[in-house]
Amino acid sequence: MNVLSNRFCVEGTALKWFELYLTGRSQTFVYDGNQTASFSVECSVPQGSVMGPLCFVSYTEEITDLFDKHCVQSHIYADDNQLYGSCRAEEVNATRDRLLNCTSQDGAHHDASA
């Protein structure tokens, strides 16, 4: 809920509605005719819903700040994020380290309640 309240100024009843919409969800999978047991979904946004695209944007909106912080370039489309860096041959290790640091930083794991 932090992103919605802090970056998008959603508050009050609207924020409570999003919180109720995004929490307490469960999911199952069916593969080859077999269904898994139900398990709790504590991250991401509901797929196939009318609110899905809006929720996804708010869920991932801060990720570009993380990329900028680590000086890595990115391509973002739908739910696909690609990070990359360009460098001279002698800078390969430093560039690889920037990419690794970016993907392993705590900030890379967003609040499930977005």
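**Salt bridges and their surroundings**

Modeller: In this predicted model, aspartate 97 has a relative accessible area of 35% and is therefore partly exposed, and its side chain meets that of arginine 96 in a salt bridge, at 3.7 Å from N to O. Arginine 96 is likewise partly exposed, at 42% relative accessibility. The count of salt bridges comes to three, and another of them joins lysine 16 and glutamate 19, with N and O 4.0 Å apart. Because lysine 16 and glutamate 19 lie three residues apart in helix H2, about one helical turn separates them; lysine 16 is partly exposed at 45%, and glutamate 19 is partly exposed at 33%.

Helix H2 also has buried residues, namely Leu15, Phe18 and Leu22, and these cover an arc of only 60° around the axis, so they sit on the same side of H2. Gly12, Thr13 and Leu20 are exposed on the other side of H2. The largest nonpolar core, nine residues in all, includes Leu15, Phe18 and Leu22, and H2, spanning residues 12-22, gives the most to this core, with three residues.

The salt bridge between arginine 7 and aspartate 65 has its closest N and O atoms 2.9 Å apart, and this pair links distant parts of the chain, 58 residues apart, since arginine 7 lies in the loop between helix H1 and H2 while aspartate 65 belongs to helix H4. Arginine 7 is partly exposed at 38%, and aspartate 65 is partly exposed at 37%.

Definitions and conventions: Residues numbered from 1 in each chain as written. Predicted model: local features only at pLDDT ≥ 70, side-chain atom pairs only at ≥ 80, totals over all residues. Heavy atoms only, no water. Core = buried A, V, L, I, M, F, W, Y, C linked by side-chain atoms within 4.5 Å. Buried < 20%, exposed > 50% of the residue type's maximum accessible area, 1.4 Å probe, protein only. Helix = DSSP H or I, 4+ residues; strand = E, 2+ residues; numbered from the N terminus. Arc of directions from axis to C-beta.
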